[in-house]
Amino acid sequence: MSACSLLVAGGRWRCFPVPLRSSLFQVLHNSCCRKKSTAPKKIIPNAAICDENTKEPGNVLDKLFSSEQQASILHVLNTASNKELETFRLLRGRKSVNIIEHREKFGPFQNLESLMNVPLFQYKTTIQICNSILCPETGGKKRKFQDNRLLRKLIKPEIERERLKAVNSIISIVFGTRRIAWAHVDRKLAVLDWQQNECCQLMKGTYLSSVYLQEISSVISKMPKADLYVLEKIGLSIQNSSRFPVVLHFHIMEAMLYALLNKTFAQDGQHQVLSMNRNGVGKHFELMIGDTRTSGKELVKQFLSESVLKEEPRVVFPTEKIVHYRQMFSSTEQQRAEELYDSLLQAVAFYELAVFDTEP
């Protein structure tokens with residue numbers, strides 16, 4: 001094979017002698033150069049040379065930062081807790097968890113290149129994370145505008161950032177066609193209470209308002225006070241006539257909850273009830289497959305286990321209630337009690353996306 005080279009030509013493999021191969025390559029090279037000479041030249045930064053999916057960019061990553069900068073980045077990544085890592089927008093969710101798990105398994109990071117061994121850390125993403133650790137305020141007005149836009153898509157109606165930053169506890173409410181579930185969670189992501197109620201009578205008959213009032217009032221009477229009440233917003237279209245009974249049910253439920261929980265709205269005009277986009281929560285926890293959201297049961301099960309096994313779990317279940325919650329979870333595993341799981345996931349996502357990730 002040293003005396004000839006294989007080349008695809010016209011869909012067939014052909015063999016050319018070495019001198020002829022060299023001349024062919026020279027012709028192709030000259031042709032390409034002539035075609036590109038008319039285009040304006042672009043300077044491509046080193047960071048753009050590697051594809052997003054590149055996992056082994058040599059030692060390029062370390063060369064992008066000075067030794068002092070590398071030391072600062074590694075100090076944060078090797079010493080910060082899970083909660084501290086999640087204060088950086090790009091490290092929220094699974095990335096911060098993966099850093100902690102990698103540290104526990106392999107020890108401290110020795111250089112920036114070793115970050116590429118952490119799941120979800122691709123080349124360009126890693127550079128952005130390193131820059132955000134060095135300069136948390138980078139982006140300024142542009143980032144603030146993007147955050148405001150994303151927040152408006154995630155939560156309705158709009159609410160002042162100051163109120164979001166000051167939230168101490170919320171009640172996350174998710175309702176379906178047969179049950180209502182709610183989770184009372186504080187800003188330390190500690191679960192203060194977590195319940196579900198069967199409401200099998202709601203969609204029977206002719207959607208009697210008195211029945212809705214009775215059922216929903218009964219559920220609300222069990223809820224403690226909170227700074228905000230967050231409802232799941234399901235994007236079902238009213239255009240689909242086959243879904244109209246379900247859509248009508250959801251609208252009645254939402255209207256009732258807004259009216260009954262916004263007790264002081266007439267006096268101060270301040271919304272205590274918000275609606276949170278269901279798919280936005282699903283994307284935060286990587287539960288989306290296309291436009292479809294998958295079950296959050298396994299993720300909630302993981303939160304329960306980590307609360308016992310980890311020193312700094314993502315979600316904290318009080319010691320005196322952990323047995324009760326685990327039994328409650330076990331009793332619903334054979335059912336499709338998605339409202340119960342989703343109420344907890346929505347509360348966690350609300351804090352991580354709307355409270356902790358907002359700028360002052």
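**Exercise 1. Confidence**

The protein averages a pLDDT of 78, and 76% of the residues score at least 70. This is a predicted model. Find which element has the lowest mean pLDDT and which has the highest. Then find how many contacts the model has for residues 138-142 beyond four places in sequence.

*Solution.* 
1. Check the start of the chain. Residues 1-25 have pLDDT below 50. Beyond near neighbours in sequence, this stretch has 25 contacts in the model.
2. Turn to residues 138-142. Their pLDDT stays under 50. The model has one contact for them beyond four places in sequence.

**Exercise 2. Cysteines**

State how many disulfides the model has. Then decide whether Cys130 and Cys199 are buried or exposed.

*Solution.* 
1. The bond in question is covalent and joins the sulfur atoms of two cysteines.
2. The cut-off is a pair of cysteine sulfur atoms within 2.5 Å. The count by this rule is zero disulfides.
3. For burial, the cut-off is under 20% relative accessible area.
4. Cys130 has 1% relative accessibility, so Cys130 is buried.
5. Cys199 also has 1% relative accessibility, so Cys199 is buried too.

**Exercise 3. Aromatic rings**

Count the aromatic pairs. Classify the pair Phe317 and Tyr325, then the pair Phe329 and Tyr341.

*Solution.* 
1. Two values describe a ring pair: the distance of the centres and the angle of the planes.
2. The count comes to eight aromatic pairs.
3. Take Phe317 and Tyr325. Their centres are 6.0 Å apart, with 65° between the planes. Planes over 60 degrees apart count as edge-to-face, and this pair is edge-to-face.
4. Check burial. Phe317 has a relative accessible area of 4% and is buried. Tyr325, at 1%, is buried.
5. Take Phe329 and Tyr341. Their ring centres lie 5.3 Å apart and the planes stand at 50°, so the pair is tilted.
6. Phe329 is in helix 15 (residues 319-332) and Tyr341 in helix 16 (residues 338-355). The two are 12 residues apart, and the pair links distant parts of the chain.
7. Both Phe329 and Tyr341 are buried.
8. Look for a cluster: ring pairs link Trp194, Phe317 and Tyr325 into one.

**Exercise 4. Gln70**

Say where Gln70 lies, whether Gln70 is buried or exposed, and which residues Gln70 touches beyond four places in sequence.

*Solution.* 
1. Gln70 sits in helix 4 (residues 67-79).
2. The relative accessible area of Gln70 is 16%, so Gln70 is buried.
3. Leaving out residues up to four places away, Gln70 touches Asp62, Phe65 and Leu112.

Technical notes. Residues numbered from 1 in each chain as written. Predicted model: local features only at pLDDT ≥ 70, side-chain atom pairs only at ≥ 80, totals over all residues. Heavy atoms only, no water. Buried < 20%, exposed > 50% of the residue type's maximum accessible area, 1.4 Å probe, protein only. Phe/Tyr/Trp six-rings, centres within 6.5 Å; stacked < 30°, edge-to-face > 60°. Helix = DSSP H or I, 4+ residues; strand = E, 2+ residues; numbered from the N terminus. pLDDT = per-residue confidence, 0-100. Contact = heavy atoms within 4.5 Å.
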